[in-house]
Structure formats: C-alpha cells, structure tokens
Amino acid sequence: MSKVTSDIQDALSCVESGHTVLVGGFGLIGAPLSLIEGLTEKDVKDLTIVSNNLGESGKGLGILLNQNKIKKGIGSYFTSNRDVGDKYQKGEIELELLPQGTLAEALRAGGAGLGGFYTTTGAGTDLAIGKEEREIDGITYIFEKAIRADVALIRAHKADTLGNLIYYKTARNFNPLMATAAKRVIVEVDEIVEPGALNPEEIVTPFLYVDTIIQAQQVLTKEGVVNR
Amino acid sequence: MTTMSKTDMQHLIAKRVAAELEGPCVVNLGIGIPTLVAEYMNAADIYMHTENGLLGVTDVEEVDIDPNLVNAGKLPVGEAIGASYFNSSDSFAMIRGGHVDVAILGALQVDQTGVIANWAVPGKNIMGVGGAMDLLVGAKKVFVTMSHTSKDGSSKLLKKCIYPITSTRSVDMIFTELAVFEVVDKQLRLVELMPGVTIEEVKAKTEADFLS
C-alpha cells in the first residue's frame, strides 16, 4: 500500500482524542504547517503535544491551543507564545518544561528503545525537583525519562515514495528524532520523488520509520506562511 | 561616573568579549549582547555553533535570507564554508559532551561564586528554558555578558542569586560595562576595569565580594 496521500484528513485519520502527538519544528521553522492546520480542522481534544514551542500567538500550534484541544504541553520554550502563559494561569493547560537538550535526548532515547538517561543538565536547579539524582564518578546527574508517542507530525524536505527522508538546513531540528519515537509517523515534504532518486549516503531518516507522506500545502517563506 | 546609551554599552561589552576569543575554537552565542560579539570577531578560525542545528554560522545579506536558516534566536543567518547541519539531539550532544569551546550567555544575576541565574524570574510563570542549562553544564568555558546593574541601579553581581539558578557550575568570566572578572576556585577576581572606570565605582556598584 502506498504511503503517499494527498488528503490531509486521511493522513491524520490515526490521530485520536487523548493521544500524545510529537510535532516537529523550532518555532515555525521545520514545523509541519499543513498537518498542524489539518489538526485544527479535526474534531479531537485532550491532546498532549510534545514540541519545542507551542507555536506563536494565533499561528501553528497556537491555533490548536486557542481551540482548547491541548490538555498538556511538553517543551522547552513556551515563552514564544504569550497565550500559553494565559492558559496556564487559568489552569486550562498542564505544562512540562524540559531543557532543550533533554527534550531532544528524551525523543532519541524513546526512539531507540531506552527507558531514559542520566544527564547533568538541570541538576541542582528547580527543574530537577522530583527527579532521581545519581552520582556517577563524582558528578551529579538527574534521571530523565524517554518520550514515546502515539503519533509524530514532522517536516522534511524530500521523501521518496518508500519514506526515506532528507531535510533542509535548520528546518531539520527535532524532526529526525520525532520520526523515530512514535507509533505512527506522518511527514509533509516539499517534494516526493521515486525510490533511487535520493543518494543513500545522504538519507537522514530511513524509510522504516515513516508511515504516511503528504506534499506540503503551506510553506514558510520570507513573506511568512503561504499556501502553495 | 560612567553614563552611556544601552546600545553603546552592549557594543562595548561585546567588543571586549570578542578580544578574549582565540582561534581555533567553536563558540556558541546566546541571545542579546552575545549576538553582537560576532560583529567583532575577526579570526577566520573561530567557528560558530547554534544549538538549533548548525556548525558554521555566518551573517547574511538581506537578499540572501532563507526563512529556514536561522540561529537560536530565530534570526536569519548564513552558512559558512565548511558548515554542517545536524539534528537537535546531536547538537546538544556536542554541547553536553564538552565539544563546544566557549558559550557566551547573558545573565540576570551572578553570585560571588560565579553561579548564574538566567532563565526565570520568581513570581512569574516559568515558561521557557531553551538551551541555557545545557550550555552551562557542557561548554568548556562559559563567558557571561550583562549590564553591571539593574534598571533601578541595584547590583547584578550578588552574594547569592535571588532568581532560580541555571546550573550549579560556575562560569569562567564575566564581562560588564564596568569591569571584567574571572572566576577562580569559586571566587570572583577583578581582572580589568573598562576605560574610564575606577575601582571605587566598581566597588560601589557590586554587592558580591571579589578579589582585586
């Protein structure tokens, strides 16, 4: 069965209320903008969203936030969307703040079948409260649990129809990690090519991680987000 | 007493930090004054790392701006010759693993042992940490740039940080518009007065104990 679809809602059919969903991107850079918009049009609620940021006010994941579809956010920098603070103040959203490197490594560990890892990052700070501490060779580490999810929505530059992916500049960020850490992985790309068209030495995400491929309908340009 | 505009002050600090960098080295620049440091670095063998996934950051002409090529402050940047891209986990492995030579960061407060606070203010919702904690624990050297005092004139170099700390690790050097300090054995030591500044002024505006 082909992994390629042209229907966003078809691509998102596996997303259900209560799911944990990984969403790629560093702000809007490398975010799967078409899939996020598709999610705003889908009748789901109580989602846990794992993403570096929850978009910007009224943009990207910010729309999903304002629709009250997000029960919990896990990320490293919610500051970029002031609506997150307002919702949190009103008790309408749970938040889990992780250092950016810890978020990235938790996804890598999740995708690699590990339960978690010990890191020095955050040890002795307010973000270590409630976390297990362990001394290894005289250095204090804290335990961070791996992250696994039901669905990952990611952005790549090109896919072949098998699902091999390559990325574009700093739009790569969390996307290759998220591709490994969810039961279902949906990718939107600028271009879909035939198998063999991508150089095997350059493939960043091998096809076995990817379930569904869709052509991006919204792209980030110098002038902002535009429909293609 | 020294009076200068905020911009002049920031550039003064940035220029002084840049003079401290010797190639070959890999430097990670934070947001704010650290971003300005790039303007004053002229050694060809100083390479810049940005934690969103690029080693080999350069500035970019307006006409060449690519919306998908940005630094950690989401500002457009360019790609140096010899640059490479990598995912966020690899990027932070470079940082935590001690492969980045210098991190230059802003701070809200520094205590007299060199421990800094730069990610949260009490009484406000804590909404973001980004890469600050990773850079603090992992960079081989950490340089801090900041104004010496707050808007109300109070010292930002304190006996103890009031705001939540970023790491238990002490930074290596602190650069303000008044002075340069280094941290040796968990003690601040004054190494240089900025032009026109007297030791009396620094003492009057510094709560932290320091050696001079």
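Modeller: Gladly, and please keep in mind that this is a predicted model. In chain A, 7 strands form an open sheet with parallel pairing, and their order is 4-3-2-1-8-11-13. The edges of the sheet are held by strand 4 (94-97) and strand 13 (212-215) of chain A; each has a single partner strand, so one side of each is left without a neighbour in the sheet. On average, and with direction ignored, neighbouring strands of this sheet are turned by 20° against each other.

Now for one pair within that order. Strand 1 (residues 20-23) and strand 8 (residues 149-155) of chain A run parallel and are joined over 3 bridges. Val23(A), for instance, has Leu153(A) in strand 8 of chain A as its bridge partner. Packed on the sheet is helix 2 (residues 33-40) of chain A, which touches strand 1, strand 8, strand 11 (182-189) and strand 13 of chain A. The direction of helix 2 makes about 115° with that of strand 11 of chain A.

As for the place where the chains touch, 40 residues from chain A and 33 residues from chain B take part in the contact. On the chain B side, helix 3 (88-96) and helix 4 (132-138) each supply at least two residues. Helix 3 of chain B gives the largest share of that side, with 5 residues. Sorted by class, the side of chain B that touches chain A has 15 nonpolar, 13 polar and 5 charged residues.

Note on methods: Residues are numbered from 1 along each chain as its sequence is written. Chains are lettered from A and ligands numbered from 1 in the order in which they are written. This is a predicted model: local features need pLDDT of at least 70, side-chain atom pairs count only at pLDDT 80 or more; totals for chains, interfaces and linings use all residues. Two strands pair if DSSP finds at least two bridges between them. Helices (H or I, at least four residues) and strands (E, at least two) are DSSP runs, numbered from the N terminus. Axes are lines fitted to C-alpha atoms, for helices over the stretch in contact, and angles run from 0 to 180 degrees between N-to-C directions. Two residues are in contact if their C-beta atoms, placed from the backbone, lie within 7 Å. Ala, Val, Leu, Ile, Met, Phe, Trp, Tyr, Cys and Pro count as nonpolar, Asp, Glu, Lys and Arg as charged, and the others, Gly among them, as polar.
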